[in-house]
Amino acid sequence: MFSNGLNYKLGLRTIKSAIAVALCVVVSMLVGNRDAIFFAGVAVVVCMQQTQPETVRMGICRFCGTVLGGALGYALIRLSTLFPGFQLGVDLIAIPLSTLLAIYLCGVFRADDAVSIAIIVTLKLATEFVGHAGAEAALPYVFDRVLYTLVGVLIAIAVNKLVFPYKQDDAGVPMG
């Protein structure tokens with residue numbers, strides 16, 4: 001689409017991703033929360049796919065993985081409060097088990113693309129909040145992460161549909 005002197009062309013998905021990230025910055029400014037740029041922006045970049053159905057599928061996986069990771073991570077935090085002074089044991093047993101559970105549940109729901117983010121969110125919560133900030137500080141983090149991931153998913157879907165929409169003929173062949 002756009003070429004520079006290095007024989008590299010910026011594709012439409014790249015341009016759409018940049019537009020969508022700009023919208024994430026605007027949302028962040030409107031809500032007064034800079035973390036929204038990160039959570040929504042990452043969701044946009046991960047979810048933006050070549051076609052609208054692929055973007056929607058990836059967005060659903062991204063959102064579900066974030067919700068699952070938030071739930072598992074929060075459960076780890078609550079579990080750690082039941083065993084004060086046994087942090088190493090909780091880490092050695094519960095974190096690997098939550099990883100196993102995330103992979104299993106994503107497999108059951110056929111959401112393989114959700115596995116990575118579910119584990120990432122779980123690990124973030126387990127390492128930042130377990131034994132440190134605690135459950136009271138974790139809940140707003142989980143809420144924000146889920147909310148701004150959803151915002152990013154919705155922005156990716158909208159931009160992919162409305163800006164330079166992908167077109168194909170009845171046989172599924174890309175058109176100009």
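Mentor: We'll take the salt bridges, then a pocket, then a helix.

Mentor: This is a predicted model, where local features need pLDDT of at least 70 and side-chain atom pairs count only at pLDDT 80 or more, while totals for chains, interfaces and linings use all residues. Residues are numbered from 1 along each chain as its sequence is written, and side-chain values use heavy atoms, with hydrogens and water left out.

Trainee: How many salt bridges are there?
Mentor: The count is 2. A salt bridge here is a side-chain nitrogen of Lys or Arg within 4 Å of a carboxyl oxygen of Asp or Glu.

Trainee: What does R57 pair with?
Mentor: R57 meets D113, at 2.5 Å from N to O. R57 lies in helix 3 and D113 in the loop between helix 4 and helix 5 (115-162), so the pair ties together parts 56 residues apart in sequence. Helices are DSSP runs (H or I, at least four residues), numbered from the N terminus.

Trainee: New topic. What's the volume of the second largest pocket?
Mentor: About 150 Å³. A pocket is an open set of points on a 1 Å grid over the protein atoms alone, with protein on both sides within 12 Å along at least five of seven lines; lining residues have an atom within 4 Å of a point. The volume is the space filled by probe spheres set on the points, which are joined across faces, edges and corners.

Trainee: Which helix gives the largest share of its lining?
Mentor: Helix 3, with 6 residues. Helix 3 (52-82) and helix 4 (87-108) each supply at least two. Lining residues include I60, C64, L105 and F109.

Trainee: Last one. Which residues of helix 2 are buried?
Mentor: A36, F39, A40, G41, A43, V44 and C47. Helix 2 covers residues 35-47.

Conventions: Expected span 1.5 Å × (residues − 1). Buried < 20%, exposed > 50% of the residue type's maximum accessible area, 1.4 Å probe, protein only. 1 Å grid on protein atoms, 1.4 Å probe; cavity = no way out; pocket = protein on both sides within 12 Å on 5 of 7 lines; lining within 4 Å.
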